[in-house]
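Keep the sequence and the 3D view open while you read.

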Amino acid sequence: MPDAVLLLLALAANLAGLGWLALAMDVHWEQVFGPRPASPGVVKLLRVGGVAGLAVSLALCLRVDHASMAFLVWFMTLAGSALAIAFTLSWRARWLGLLTGRRTS
């Protein structure tokens with residue numbers, strides 16, 4: 001698979017991972033889904049999915065380049081993804097609901 005595709009997949013995994021980790025927080029869950037609280041099982045699943053997304057992203061970066069460059073690329077995608085998630089939460093928070101497959105209110 002071409003390196004560019006692997007890096008795009010790494011960026012997507014990073015975005016999804018940080019989105020899931022954000023949704024695991026009560027305040028962001030409420031922004032997206034309203035006053036219905038998330039069950040403890042859903043919160044745990046979101047946290048595990050978030051960590052897995054970040055790990056997959058790092059693994060894809062390591063597959064493309066040597067370790068020092070891969071960590072730099074991963075860290076920069078982490079920063080960009082955090083910014084994208086923050087902007088999404090402040091502008092269109094309900095869009096993050098797409099990561100869960102749940103219906104937003």
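## A tucked-away tryptophan

Trp 29 has a relative accessibility of 5%, so it counts as buried. Here, "buried" means under 20% relative accessible area, "exposed" means over 50%, and "partly exposed" is in between (1.4 Å probe, protein chains only). One housekeeping note: this is a predicted model, where local features need pLDDT of at least 70 and side-chain atom pairs count only at pLDDT 80 or more, while totals for chains, interfaces and linings use all residues. Residues are numbered from 1 along each chain as its sequence is written, and side-chain values use heavy atoms, with hydrogens and water left out.

Which residue forms an aromatic pair with Trp 29? Phe 33 does: the two rings are 4.2 Å apart, centre to centre, with 40 degrees between the planes, and that makes the pair tilted. The rule goes like this: rings of Phe, Tyr and Trp (its six-membered ring) pair if their centres lie within 6.5 Å, and planes under 30 degrees apart count as stacked, over 60 as edge-to-face and the rest as tilted.

## A second pair, out in the open

The structure holds two aromatic pairs. Trp 91 is exposed, at 58% relative accessible area, whereas Trp 95 counts as partly exposed at 49%.

Arg 92 lies over the face of Trp 91, 4.7 Å from the ring centre. (A charge sits over a ring if NZ of Lys or CZ of Arg is within 6 Å of the ring centre and within 35 degrees of the ring normal.)

His 28 belongs to helix α2 and is buried at 18% relative accessibility. If you skip its neighbours within four places in sequence, His 28 touches Ala 22, Leu 23 and Leu 89. A contact means heavy atoms within 4.5 Å.

Now hop over to Val 42 in helix α3, residues 40-64. Val 42 is buried at 17% relative accessibility. Leaving aside neighbours within four places in sequence, Val 42 is in contact with Trp 29 and Arg 102. Thr 100 is 58 residues from Val 42 in sequence, but 9.5 Å away in space, C-alpha to C-alpha.

## Zooming out

How many helices and strands does the protein have? There are four helices and zero strands, giving the pattern α-α-α-α along the sequence. Helices (H or I, at least four residues) and strands (E, at least two) are DSSP runs, numbered from the N terminus. The C-alpha atoms fill a box of roughly 45 × 30 × 20 Å along the principal axes.

Of the 105 residues, 37% count as buried. Among contacts with a separation of 6 or more, 71% come from residues 24 or more positions apart.
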